[in-house]
Amino acid sequence: MPKIIDHDQRREDILDATWELLVRGGIEAATMREIAAQAGFANGALKHYFPGKDDIIKGAYERSLHRLGDHVAAATEGMRGLAALEVALRATLPTAAADQTASRILLSFWERAAFSPELRDGYGDHLASWRAGLVQYLEEAREDGDIDSPVSNEQLVDEAVTLNIGATLLQALGTDYVNGDYLASHVDAFLDRIRVAR
């Protein structure tokens with residue numbers, strides 16, 4: 001009987017290996033040769049599962065995004081408006097120790113995407129989807145009478161996204177003052193400025 005190969009599992013093994021290399025040494029450490037060695041493959045075997053390095057990096061990045069997306073979706077299930085906005089803002093900030101790993105993956109991806117139009121376009125799609133979700137929560141909050149701000153929803157989302165990306169970058173660099181309390185205070189200040197006083 002020929003050996004049955006689980007191709008999906010092999011792809012996951014390659015992404016696991018890439019994840020480990022990116023966390024330990026960034027984009028420079030994740031060469032095709034090192035990824036193959038870490039995953040236990042012959043170097044040429046990777047091309048059966050991913051056309052090139054950018055595709056592997058993109059796969060590792062997308063897995064990180066899917067995990068974050070699942071986390072946010074579970075946290076905001078059944079919620080809308082200001083309550084959903086607050087939960088989504090807090091859930092996407094890197095406040096846990098484990099978030100430093102995800103932050104390093106994102107930093108590696110951003111470095112690669114700066115020189116790859118395909119990866120950059122993919123990140124643009126993610127940003128558009130992320131922003132649309134936040135705009136929806138803001139629109140609902142205004143409908144519910146929970147927000148009183150002359151600032152447009154788009155500008156408020158700009159601020160929220162910039163806070164998140166900046167915090168992620170600082171977390172990846174291991175900056176000491178990026179911690180849960182520090183980031184929570186920024187979310188509190190943001191919400192206090194737009195929330196209707198009761």
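These legends describe close-up views of a predicted model.

**View 1. Helix α7, end to end.** Helix α7 covers residues 153-172. At 1.5 Å a residue, its 20 residues should span 28 Å. The C-alpha atoms at its ends lie 29 Å apart, which agrees. Beyond the helix comes G174, with a positive phi near 75 degrees.

**View 2. The buried side of α7.** Which residues of α7 are buried? They are N153, L156, V157, A160, V161, N164, A167, T168, Q171 and A172. Around the axis they cover an arc of only 140 degrees, which puts them on the same side of α7.

View 3. V161 sits in helix α7. Its relative accessible area is 8%, so V161 counts as buried, the cut-off being under 20%. Which residues does V161 contact, once neighbours within four places in sequence are left aside? The contacts are L127, W130, R131 and L134. One of them, W130, is 31 residues from V161 in sequence. In space the two are 8.6 Å apart, C-alpha to C-alpha.

View 4. R63 belongs to helix α3. Is R63 buried or exposed? Its relative accessibility is 11%, so this arginine counts as buried. Residues up to four places away in sequence are not counted here. Beyond those, R63 touches E12, L15, D16 and W19.

**View 5. The largest pocket.** The largest pocket holds about 830 Å³ of space. Its lining is made up of 33 residues. Closest to the pocket centre are L65, L68, G69, V72 and T92. By type, the lining residues divide into 18 nonpolar, twelve polar and three charged.

**View 6. Helices around the largest pocket.** Which helices each supply at least two residues of the lining of the largest pocket? They are α3 (53-75), α4 (81-91), α5 (99-113), α6 (117-143) and α7. Helix α3 gives the most, with eight residues. R63 is also a residue of α3, and V161 is a residue of α7.

Terms used:
Residues are numbered from 1 along each chain as its sequence is written. This is a predicted model: local features need pLDDT of at least 70, side-chain atom pairs count only at pLDDT 80 or more; totals for chains, interfaces and linings use all residues. Side-chain values use heavy atoms; hydrogens and water are left out. Helices (H or I, at least four residues) and strands (E, at least two) are DSSP runs, numbered from the N terminus. The expected span of a helix is 1.5 Å times one less than its number of residues. Buried means under 20% relative accessible area, exposed over 50%, partly exposed in between (1.4 Å probe, protein chains only). The arc is that of the directions from the helix axis to the C-beta atoms. On a 1 Å grid over the protein atoms alone, a cavity is a set of points where a 1.4 Å probe fits but cannot get out, and a pocket is an open set with protein on both sides within 12 Å along at least five of seven lines; lining residues have an atom within 4 Å of a point. Grid points are joined across faces, edges and corners, and a volume is the space filled by probe spheres set on the points. Ala, Val, Leu, Ile, Met, Phe, Trp, Tyr, Cys and Pro count as nonpolar, Asp, Glu, Lys and Arg as charged, and the others, Gly among them, as polar. Contact means heavy atoms within 4.5 Å.
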